[in-house]
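The sequence and the model are shown below and may be kept at hand while reading.

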Amino acid sequence: MAKRQQRLAVLIDADNAQSAIIEGLTVEIAKYGIASVKRIYGDWTDTRLKKWKSVLLEYGLTPIQQFAYSQGKNATDSAMIIDAMDLLYTQNFDGFCIVSSDSDFTKLASRIREAGLTVYGFGEKKTPKAFLSACDKFIYTENLRNCIKPEDCEKPTKTKKYEVTKDAKLLALLSRSVDECIDETTWANLGTIGQYMAKTNPDFDPRSYGFKKLSDLLVATEQYEVKTKFDDEYSDHKSVYVRPKGKR
């Protein structure tokens, strides 16, 4: 029996996100579940949202009008938060996708998680740490821009190899994560490593370092052995395992 996909509510802050991410965003969200609700908020009388207007119909986005009543006050944020709480109380969803780089959504993300739902955040690398930490997973929109085809959305950015091998912070994160997941066989399951990293660093993404997959990133550090094997002698499913070089 096929596993039921998560029903997701997607809420986009048009004032705080660029339309260039829309295709990559759509592909990325599809990895986590079905976008049952797709709403985008902003003052649609503002010419700055012209590019968003051109993609509303194509991507099935429901525009929510919110006039900027006061200078310096973000009415869009308030509208999104109110709608998110209304959707939360329906109990029809398994998770929320909040698309914004604004720290004002930190409390909202925390509240949704308190209710037992998953929160996926999408924003630029300038997004405050507080909002990142409030999400179960956070995806940088720089990794999603200008995708022409779904496979393009996972293409790595160009990053020189030496930048990976000399990134002390990254190497320490990988080392800690692998060590935490190693079992009695001295190997760590790659999926388990990924889950651990998502819990401790919601914004971790190998694409940010120029690699499509976590396994590719681990190999590039030149510090790990990577192998693939069947889960057991009766299984047709293979899993990837990792361990530090020299560990026996």
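The following sections describe the chain as a whole, then its cores, selected elements and selected residues.

**The chain as a whole**

The model is predicted. Its chain has 248 residues, of which 46% count as buried. The secondary structure consists of nine helices and nine strands. Among the contacts with a separation of 6 or more, 60% are between residues 24 or more positions apart.

**Nonpolar cores**

The largest nonpolar core comprises 25 residues, and Phe96 and Ile98 have the most contacts inside it. Two or more residues each come from β1 (6-13), β2 (33-42), α3, β4, α4, α5 and β6 (137-140). Helix α3 gives the most to this core, namely six residues. Another core, of 24 residues, lies apart from it and includes Leu8, Val55, Cys97 and Ile139.

Leaving aside residues up to four places away in sequence, Ile98 touches Leu11, Met80, Phe105, Leu108, Ala109, Ile112, Val119, Tyr120, Gly121, Phe122 and Phe131.

**Helix α4 and its cover**

Helix α4 spans residues 106-114, and within it Thr106, Leu108, Ala109 and Ile112 are buried. Viewed down the axis of α4, the buried residues fall within an arc of 165 degrees, so they line one face of the helix. On the other side of α4, Lys107 and Glu114 are exposed. The buried residues of α4 are covered by elements that include α3 (75-90), β4 (95-99), β5 (118-123) and α5 (129-134). After α4 comes Gly116, with a positive phi near 90 degrees.

**Strands β4 and β5**

Strand β5, one of the elements that cover α4, is itself mostly covered, as six of its six residues are buried. Both of its faces are covered: Thr118, Tyr120 and Phe122 are buried on one side, and Val119, Gly121 and Gly123 are buried on the other. Strands β4 and β5 run parallel and are joined by five bridges. In this pairing, Val99 stands opposite Phe122 in β5.

**The sheet of β7, β9 and β8**

An open sheet is formed by three strands in the order β7-β9-β8, with antiparallel pairing. Strands β7 (188-189) and β8 (224-230) stand at the edges with a single partner strand each, so one side of each has no neighbour in the sheet. Strand β9 (residues 238-244) runs antiparallel to β8, and seven bridges join the two. Glu225 stands opposite Arg243 in β9.

Val242 also lies in strand β9. Its relative accessibility is 0%, and Val242 therefore counts as buried. Not counting residues up to four places away in sequence, Val242 touches Val178, Thr186, Trp187, Ala188, Leu190, Ile193, Leu218, Tyr224, Glu225 and Val226.

**Asn201 in a loop**

Asn201 is found in the loop between α8 (190-200) and α9 (214-220). Despite this loop position, Asn201 is buried, with a relative accessible area of 18%. Its side chain makes a polar contact with the side chain of Thr200, at 3.1 Å. When residues up to four places away in sequence are set aside, Asn201 touches Leu173 and Arg176.

**Cysteines**

A disulfide is a covalent bond between the sulfur atoms of two cysteines. How many disulfides does the structure hold? The number is zero. For Cys135, the closest cysteine sulfur is that of Cys97, and the distance of 9.9 Å is too far for a bond. The cut-off for a disulfide is a pair of cysteine sulfur atoms within 2.5 Å. Cys135 is also buried, with a relative accessible area of 1%. Cys181 counts as buried too, at 12% relative accessibility.

**Accessibility of selected buried residues**

The table gathers the relative accessible areas stated above for individual residues.

| Residue | Relative accessible area | State |
|---|---|---|
| Val242 | 0% | buried |
| Cys135 | 1% | buried |
| Cys181 | 12% | buried |
| Asn201 | 18% | buried |

Each of these values falls under the 20% relative accessible area that defines a buried residue.

Note on methods:
Residues are numbered from 1 along each chain as its sequence is written. This is a predicted model: local features need pLDDT of at least 70, side-chain atom pairs count only at pLDDT 80 or more; totals for chains, interfaces and linings use all residues. Side-chain values use heavy atoms; hydrogens and water are left out. Buried means under 20% relative accessible area, exposed over 50%, partly exposed in between (1.4 Å probe, protein chains only). Helices (H or I, at least four residues) and strands (E, at least two) are DSSP runs, numbered from the N terminus. A polar contact is a pair of N or O atoms within 3.5 Å; within protein, one must be able to donate a hydrogen and the other to accept it, and residues adjacent in sequence count only if both atoms are side-chain atoms. Contact means heavy atoms within 4.5 Å. The arc is that of the directions from the helix axis to the C-beta atoms. A nonpolar core is a set of buried Ala, Val, Leu, Ile, Met, Phe, Trp, Tyr and Cys residues joined through side-chain atoms within 4.5 Å. Two strands pair if DSSP finds at least two bridges between them.
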